[in-house]
Amino acid sequence: MLPSHIQALVDCGALFVINDSGGKDSQAMKVRLKKLIPHRQLLIMHAHLPEVEWEGSLEHIERYADGIPVIVAHAAKTFIQMVDHRGMFPSPKNRQCTSDLKRGPIEREVRRYLAAHPEFGGLVVNCMGLRAAESTGRSKLAAFKLNTGNSKAGREWYDWLPIHSLATDEVFATIRDAGEEPFWTYAKGMKRKSCCFCIFATADDHTTAAKLVPHTYALICAKERQHGFSLSMTGKFLPEITGIAA
């Protein structure tokens, strides 16, 4: 059952946008929303990240879309172009990978979609699979709020975290109970499905990814050497973390 304030938005004909990376949290969120929201009011958005996106991401998303439209958002630059321009990798305080390559392009495509589909009346609920169990910072996020920055020019925009309270085992159970399979990298040992190499990844995930996508690993290591700046927020270069020469 939906909370009353969400049900009211459904009844008003709002568009519900599913931010879908192809990871377990996005997938579990999508499973729930497909059951609770009329499919005519659902839209799937995926931010494509060439060079650092896991192979098969879009295909996995489309496999479980159940006829819901899927729009791919493209940034004006790639991750590597961003790193070369800045001379460094993103950091927890400067997460341009999120703002410039994911959030910004997705918000642009949502605005375009609303403009092309006046039947939604500019009313949109942006759904993200962020969970409290992931970090202290995410545990403090409001599960539902008005997005004042995007509520302009005839738009009323809300941000909603439908699975904010779920534990990791509940996420996988939600996917399994729906008869779906999680993205292939989990079976290979990856704990998270973000970019192949992420500033927040554990040493184990970096090591696993280095073995799964050696060409991408070599590219990231080359950029570490070129700019003298590590991808990992530990400050260590990837070969030191993984023990694998680039």
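**Close-up A. Cys195, a buried cysteine in this predicted model.** With a relative accessibility of 10%, Cys195 falls in the buried class. Which cysteine has the sulfur closest to that of Cys195? That would be Cys198, with 6.3 Å between the two sulfurs, too far for a bond. A disulfide would need the pair within 2.5 Å.

**Close-up B. Cys97 and its closest cysteine sulfur.** Start from Cys97 and the closest cysteine sulfur belongs to Cys195, 6.5 Å off and again too far for a bond. Is Cys97 buried or exposed? Cys97 is buried, at 14% relative accessible area. How many disulfides does the model end up with? The count is zero. As a reminder, a disulfide is a covalent bond joining the sulfur atoms of two cysteines.

**Close-up C. Phe144 and Tyr158, a stacked ring pair.** Now for the aromatics: the model has eight aromatic pairs. In one of them, the ring centres of Phe144 and Tyr158 sit 5.2 Å apart with their planes at 10 degrees, so this pair counts as stacked. Phe144 belongs to strand β5 (residues 144–146) and Tyr158 to strand β6 (residues 156–160), so the contact ties together parts that are 14 residues apart in sequence. The two partners fall into separate accessibility classes: Phe144 is partly exposed at 26% relative accessible area, while Tyr158 is buried at 15%.

**Close-up D. Phe172 and Tyr186, an edge-to-face pair.** Here the rings are 5.5 Å from centre to centre, and the angle between their planes is 85 degrees. Which helices does this pair tie together? Phe172 comes from helix α7 (residues 168–177) and Tyr186 from helix α8 (residues 184–187), so the pair links parts that are 14 residues apart in sequence. Phe172 is partly exposed, with 28% relative accessible area. Tyr186, on the other hand, is buried at 13% relative accessibility.

**Close-up E. An aromatic cluster, plus a lysine over one ring.** Ring pairs join Trp54, Phe183 and Trp184 into a cluster. Which residue lies over the face of Phe183? Look for Lys193, positioned 4.8 Å from the centre of the Phe183 ring.

Terms used: Residues are numbered from 1 along each chain as its sequence is written. This is a predicted model: local features need pLDDT of at least 70, side-chain atom pairs count only at pLDDT 80 or more; totals for chains, interfaces and linings use all residues. Side-chain values use heavy atoms; hydrogens and water are left out. Rings of Phe, Tyr and Trp (its six-membered ring) pair if their centres lie within 6.5 Å; planes under 30 degrees apart count as stacked, over 60 as edge-to-face and the rest as tilted. Helices (H or I, at least four residues) and strands (E, at least two) are DSSP runs, numbered from the N terminus. Buried means under 20% relative accessible area, exposed over 50%, partly exposed in between (1.4 Å probe, protein chains only). A charge sits over a ring if NZ of Lys or CZ of Arg is within 6 Å of the ring centre and within 35 degrees of the ring normal.
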